[in-house]
Amino acid sequence: MRSGTPLVCVLLLLGVVQGQSNCHAELIPLNKIASQNGLKMLSPNSFAANGAVFSFKEKSRTFTFNKILMPLGFPVVKRYFKTCIDSSDYEYHVRPLLSLGKQHHKKLKIIALDAGHGGEDDGTISPSNGLIEKVLTLDICIRVAKLLEKDGYAVVFTRQSDEKIPLKQRSQIANLSGADLFICIHFNSAPNLSAKGIETFILTPADQSSTYQKSSKTRSNSLTGNNFNDLNVILGYCLQSTIVGGLAAIDRGVKHERFTVLKTLKCPGALIECGFLSNASESEKIGSAAHRNKLAESIVRGIEKFDNLVR
Ligand SMILES: [Zn+2]
């Protein structure tokens, strides 16, 4: 079985909109992207932009940006000996990273922290040491909140005790509080007990397939959360890169899914899977307060990095 699929807690959160067919709208060769943006091709499959490297692989629905795995809606293809991506992938996933540092978003003030699960919903439970996901997610949110408040940010929690909050209500709490950013915390689980590492999820753009949809064929309307596509991509990259770097963890990539908690957000948002409780060695690490401190610090560094890049 492919490592990490299906992911138990991920699937519980999914609200997939899909159905009709949609094929490649238009293919753009990488060398055209490079020439239009004044960038240097490093190889037929990669180019450099402001010291950052974009690297693509034929037939893959991912690419790497500064070595961090990023999602695509459609597979990379070769046409007439040229490596090409779909025009929607350029628009949704590549262009925001090309214009990194040129966005003009307001400075973040209020950050909503969403501790996954709670109450009768335990989330996943580690088979090796019995750690319970709902306890860990709140623990991380409290550690992150303390650091953010020290930095001068205001924090809103979707829950601060062991209670079950419906998924739709979580994004409503963030919206009603005027949150500028939504960070949802989860821990992972997979039937393949060797699966480990970090994943950060952002909302799938309209008319694209989510990471765990096998086919590229989909039709979906734009959701409220899609108003922040550019910022979501940058947020996903910032969080994934600081957490993977901070913990020296395996990069399982920024992925995109239509999670209920991300659909109706009126601000950029991401859901972080902070490691696998199903993996004995990763679960042992997660059990240590020092590791959880490092994780919280890395999440806060990701938020600061995002805040600095988009201001
Ligand atoms: Zn979960």
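Me: In what order do the three strands of the open sheet stand?

Reply: This is a predicted model, in which local features need pLDDT of at least 70 and side-chain atom pairs count only at pLDDT 80 or more, while totals for chains, interfaces and linings use all residues. Residues are numbered from 1 along each chain as its sequence is written. Strands (E, at least two residues) and helices (H or I, at least four) are DSSP runs numbered from the N terminus, and two strands pair if DSSP finds at least two bridges between them. With antiparallel pairing, the three strands of this open sheet take the order 1-8-7.

Me: Which strands are the edge strands of this sheet?

Reply: Strand 7 pairs with strand 8 (residues 82-86) in the antiparallel sense over three bridges, and within this pair K78 stands opposite T83 in strand 8. The edge strands, each of which pairs on one side only, are strand 1 (27-29) and strand 7 (77-79).

Me: At about what angle does helix 3 run to strand 8?

Reply: Angles run from 0 to 180 degrees between N-to-C directions, with axes fitted to C-alpha atoms, for helices over the stretch in contact. Helix 3 (residues 87-98) lies across strand 1 and strand 8, and its angle to strand 8 is about 70 degrees.

Me: How far apart do the C-alpha centres of domain 1 and domain 2 lie?

Reply: The protein is divided into domain 1 (27-98) and domain 2 (106-310), with bounds that come from an automatic or database domain assignment. Between their C-alpha centres the distance is 26 Å.

Me: Which element supplies the largest share of the side of domain 1 that touches domain 2?

Reply: In this contact, 15 residues of domain 1 meet 19 residues of domain 2. On the side of domain 1, at least two residues each come from strand 5 (62-65), strand 6 and helix 3. The largest share, five residues, comes from helix 3.

Key:
Contact = placed C-beta atoms within 7 Å.
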